[in-house]
Structure formats: structure tokens, C-alpha cells
Amino acid sequence: MKMALTLAEMQASVLRGMGLGLLISFFLVLYGIIFNPFSGPELETFDEKLVVFGRCSLIPLFVLIFSIARIARYRFFSSEDIDSTAVAVPSSSLLCLQSILQNTLE
């Protein structure tokens, strides 16, 4: 029988997972810098490196734009949520979309 985790155990588990993810990401970036696994052109100038960085940032940018657009569309078509949340209590659907956006940002 599996027992429920306490908050401290859950926090420790999440912290271990975040640490492992950070470590894997760090080594993957380091591997890409050192070994150039996709045989991309060697970038010599800062401008070339900045262009590659900008292109790589497009995917996270589109995810954020999509999340914000979902909230905007929902608020526009919802008569109870079209006003700001400072005026009225948000619906559970809007709170769910806002949570998705917040998790995406984090």
C-alpha cells in the first residue's frame, strides 16, 4: 500500500527532479558547445551567435504567445470573465488557463 507523501517529502522530490533536469540541461548545452553535434557552421562573430540565440528563442516565445492568446480568447468570449480579475472573481476555467501560463513562465 502506497502512503501519501507529506509536503516536505513532495518538496524534496520536486527539488531532486529540478536538480536532475538542470544538471542534464547544463551538460547537454555544454556538449553542444564543445562537440557541435549537428555540424552547424562555426560561429565567429558575436552577431552570428546572437542570430542563433534569437532563432532558438522562437520556440519558447511561441509557446508563451499561444498561452496568452488562449487567455485573451477565453476572456473575450466569456461574459463573466471579460472584465479584469480586479473587478470580479475569475471563473475556474480562467484560473486554469492562468495557471498554465504561470507554469509555462516558471
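The side chain of Ser91 forms a polar contact with the side chain of Asp81, at 2.5 Å, where a polar contact denotes a pair of N or O atoms within 3.5 Å, one able to donate a hydrogen and the other to accept it within protein, with residues adjacent in sequence counted only if both atoms are side-chain atoms. The structure is a predicted model, in which local features require a pLDDT of at least 70 and side-chain atom pairs count only at pLDDT 80 or more, whereas totals for chains, interfaces and linings use all residues. Residues are numbered from 1 along each chain as its sequence is written, and side-chain values use heavy atoms, with hydrogens and water left out.

Ser91 is found in the loop between helix 3 (58-77) and helix 4 (92-105), helices being DSSP runs of H or I with at least four residues, numbered from the N terminus. With a relative accessible area of 10%, Ser91 is buried; buried means under 20% relative accessible area, exposed over 50%, and partly exposed in between, for a 1.4 Å probe and protein chains only. Asp81 is also approached through its backbone oxygen, which lies 3.1 Å from a polar atom of the side chain of Arg75. Arg75 itself lies in helix 3 and counts as buried, at 18% relative accessibility. Between Arg75 and Pro90, which are 15 residues apart along the chain, the C-alpha atoms are separated by 9.8 Å.

Helix 3 also contains Phe66, which at 53% relative accessibility counts as exposed.

On the surface, Leu23, Phe26, Phe27, Val29, Leu30, Tyr31, Ile33, Ile34 and Phe35 form a nonpolar patch, which together has about 950 Å² of accessible area. Patches are made of residues with over 30% relative accessible area and no salt bridge, with nonpolar side chains (Val, Leu, Ile, Met, Phe, Trp, Tyr) joined within 5 Å and like charges within 9 Å; accessible areas come from the Shrake-Rupley method with a 1.4 Å probe, and for residues only the protein chains shown count as cover. A salt bridge is a side-chain nitrogen of Lys or Arg within 4 Å of a carboxyl oxygen of Asp or Glu.

A patch of negative charge on the surface gathers Glu42, Glu44, Asp47 and Glu48; Asp and Glu count as negative and Lys and Arg as positive, while His and the chain ends are not counted, and the place of a charge is taken as NZ of Lys, CZ of Arg, CG of Asp or CD of Glu. Within this group, Asp47 has its place in helix 2 (residues 46-56) and is exposed, with a relative accessible area of 55%.

How values were computed
Helices (H or I, at least four residues) and strands (E, at least two) are DSSP runs, numbered from the N terminus.
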